[in-house]
Amino acid sequence: LANDITNTSGCISVSADMVDLNCGYFNITYSTTGAGYGIAAVGRSNVNISNCNITNGGSFSSPSDGIFFSATNHSKIENGTLTVFSPSGNNGIQITGSRNDTIINASISVSSGATGVVVLGSNHTIDRLTSIGISGSSAAFSVVGENYTILNSTGQSASPFGGVIIR
């Protein structure tokens with residue numbers, strides 16, 4: 001990116017394979033008045049997202065995830081900061097129906113029932129993730145599937161529902 005981006009709904013939709021998106025630590029503010037994703041990739045392969053500061057702009061519409069991967073394989077999210085103030089069902093990062101993805105060196109804060117990271121699928125790696133649920137029934141991260149590697153990561157929650165949920 002060359003500058004900050006703000007949009008009332010979604011901001012960036014990745015519609016090709018083999019994409020490297022380096023945000024250069026610029027800010028992406030998405031979903032200021034309606035539902036949308038900060039960055040979304042659906043049915044893609046080899047998508048690399050790095051150096052992004054992503055914030056939900058305040059909409060309580062769903063879905064409103066910071067980064068959303070669906071059926072997006074062999075991809076990476078690296079060096080990101082995400083802040084999500086949203087209701088239940090919205091997440092900092094959601095990876096669903098995907099394989100062989102990596103989250104590395106990310107910091108996520110969520111509140112009001114949102115979850116920092118939700119990963120559904122198989123063969124994913126999470127390394128150096130800090131995810132904090134700061135209020136409400138927020139969970140730090142939830143991992144469902146098989147063959148995960150989780151290294152050097154921290155999950156905290158202000159909720160009795162748990163900081164880290166692994167099924």
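The legends below accompany close-up views of a predicted model.

**View 1. The aromatic pair of Y37 and F68.** Welcome to the one aromatic pair that the structure holds. The rings of Y37 and F68 are stacked, with 4.5 Å from centre to centre and 5° between the planes. For these two rings, the angle falls under the 30 degrees that count as stacked. Y37 sits in the loop between strand 4 (27-30) and strand 5 (39-42), while F68 belongs to strand 8 (residues 67-70), so the pair ties together parts that are 31 residues apart in sequence. F68 has a relative accessibility of 12% and therefore counts as buried, since the cut-off for buried is under 20%.

**View 2. The largest nonpolar core.** Here we step into a core of 32 residues. The members that touch the most others are I39, I54, I67, F69, I93, I103 and V117. Strand 11 supplies the largest share of this core, with four residues.

**View 3. The surroundings of I93.** Let us stay with one residue of that core, I93, which is among those touching the most other members. Leaving aside residues up to four places away in sequence, I93 touches I67, I77, L82, I103, I108, G116, V117 and V118.

**View 4. M18 and its positive phi.** Most residues other than glycine have a negative phi. M18 is not a glycine, yet its phi is near 55°. This residue, M18, is found in the loop between strand 2 (12-14) and strand 3 (19-22). With a relative accessible area of 68%, M18 is exposed, as the cut-off for exposed is over 50%.

View 5. N105 is another residue to check if you like backbone angles: its phi is positive, at about 60°, although N105 is not a glycine.

**View 6. G155 and F141.** Our last stop is G155, placed in strand 16 (residues 154-157). From C-alpha to C-alpha, G155 and F141 are 6.6 Å apart in space, and they are 14 residues apart in sequence. G155 is partly exposed, with a relative accessible area of 27%.

Notes
Residues are numbered from 1 along each chain as its sequence is written. This is a predicted model: local features need pLDDT of at least 70, side-chain atom pairs count only at pLDDT 80 or more; totals for chains, interfaces and linings use all residues. Side-chain values use heavy atoms; hydrogens and water are left out. Rings of Phe, Tyr and Trp (its six-membered ring) pair if their centres lie within 6.5 Å; planes under 30 degrees apart count as stacked, over 60 as edge-to-face and the rest as tilted. Helices (H or I, at least four residues) and strands (E, at least two) are DSSP runs, numbered from the N terminus. Buried means under 20% relative accessible area, exposed over 50%, partly exposed in between (1.4 Å probe, protein chains only). A nonpolar core is a set of buried Ala, Val, Leu, Ile, Met, Phe, Trp, Tyr and Cys residues joined through side-chain atoms within 4.5 Å. Contact means heavy atoms within 4.5 Å.
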